[in-house]
Amino acid sequence: IAPFLPAGARAWGRISVGVRCDSPVTWTAYLQAHVAVMADHVVTKRPLRAAQIVGPDDIDLRHGDLTALPDNTLTDASQAIGHHTRYAVAAGMPLRGEMLRIPPAVQQGQTVQVLSVGPGFRVGGEGRALNNAAPGESVRVRMPNGQVVTGTARAGGGVEIVF
């Protein structure tokens, strides 16, 4: 009996886990599971205005399940402090990277290292970014063969594609 994750499945949140048996009779079953990732995340203490600079008194850390929160929810206060809000944010909201004007990790036209990662492999390459992206945001990259791939910007200017 061998458990597996279906191709393209994320290993957290609500997932299906496959179980395969090859002997004496071949069969496959899928089980529903919930994988929680409990950690601190940043929330607003009070309403924030558009273009407001976020200070230490404007945010708080709350412990919870990251899989129940939107993607790119900030997990460290230092990721928010000193950055301007893009728009007004209500009190008690989880703070996400796209709510702030965070300096881009990847800039349009920049040559970036692309790392493709999947079960049992890691492949690296180089391409040219087609858009600006802060850490955790989506970025499109044109590879030398002309193919356009989409990945996640990482601090330091790299792009990661997870299979």
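**Group meeting: contacts in a predicted model**

Arg 46 has a relative accessible area of 36%, so Arg 46 is partly exposed; the class runs between buried, under 20%, and exposed, over 50%, with a 1.4 Å probe and protein chains only. This is a predicted model, in which local features need pLDDT of at least 70 and side-chain atom pairs count only at pLDDT 80 or more, while totals for chains, interfaces and linings use all residues. Residues are numbered from 1 along each chain as its sequence is written, and side-chain values use heavy atoms, with hydrogens and water left out.

I stay with Arg 46 and go on to the salt bridges. The side chain of Arg 46 meets that of Asp 58 in a salt bridge, at 3.0 Å from N to O. The term stands for a side-chain nitrogen of Lys or Arg within 4 Å of a carboxyl oxygen of Asp or Glu. Both partners sit in the loop between β4 (38-44) and β5 (59-65), twelve residues apart, and the pair links distant parts of the chain. Strands here are DSSP runs of E with at least two residues, helices are runs of H or I with at least four, and the numbering starts at the N terminus. Asp 58 counts as buried because its relative accessible area is 9%.

How many salt bridges does a search of the whole structure find? The search finds three. Another of them joins Arg 96 and Glu 98, with the closest N and O atoms 2.6 Å apart. Arg 96 has 17% relative accessibility and so counts as buried, whereas Glu 98, at 28%, counts as partly exposed. There is also Glu 160 with Arg 154, at 3.0 Å from N to O. Glu 160 is partly exposed at 23%, and Arg 154 is partly exposed at 36%.

The loop between β4 and β5 also holds Ala 51. Phi of Ala 51 is near 70°, a positive value in a residue other than glycine. Ala 51 is partly exposed, with a relative accessible area of 48%. Asn 72 has a positive phi as well, near 65°, and is not a glycine either. Asn 72 belongs to the loop between β5 and β6 (84-85). One more backbone item is the cis peptide bond between Ser 23 and Pro 24, with omega about 0°. Pro 24 lies in the loop between β2 (13-21) and β3.

Next, the aromatic rings. A pair of aromatic rings is described by the distance of the centres and the angle of the planes. The structure holds two aromatic pairs. Phe 4 and Tyr 30 make an edge-to-face pair, 5.9 Å centre to centre with 80° between the planes. The cut-offs are as follows: rings of Phe, Tyr and Trp (its six-membered ring) pair if their centres lie within 6.5 Å, and planes under 30 degrees apart are stacked, over 60 edge-to-face, the rest tilted. The pair links distant parts of the chain, with Phe 4 in strand β1 (residues 2-4) and Tyr 30 in strand β3, 26 residues apart. Phe 4 counts as buried because its relative accessibility is 18%.

Phe 121 and Phe 163 form a tilted pair, at 6.1 Å between centres and 40° between planes. Phe 121 is in strand β9 (residues 121-129) and Phe 163 in the segment after β12 (158-162), so the pair ties together parts 42 residues apart in sequence. Phe 121 is partly exposed at 34%, and Phe 163 is exposed at 54%.

Which residue lies over the face of Phe 4? That is Arg 20, at 4.0 Å from the ring centre. The criterion is NZ of Lys or CZ of Arg within 6 Å of the ring centre and within 35 degrees of the ring normal.

Leaving out residues up to four places away in sequence, Ser 116 touches Phe 121, Arg 122, Val 123, Ile 161 and Phe 163; contact means heavy atoms within 4.5 Å. Ser 116 is in strand β8 (residues 111-118) and is buried, at 15%.

Last, Leu 100 in strand β7 (residues 100-101). Is Leu 100 buried or exposed? Leu 100 is buried, as its relative accessible area is 0%.
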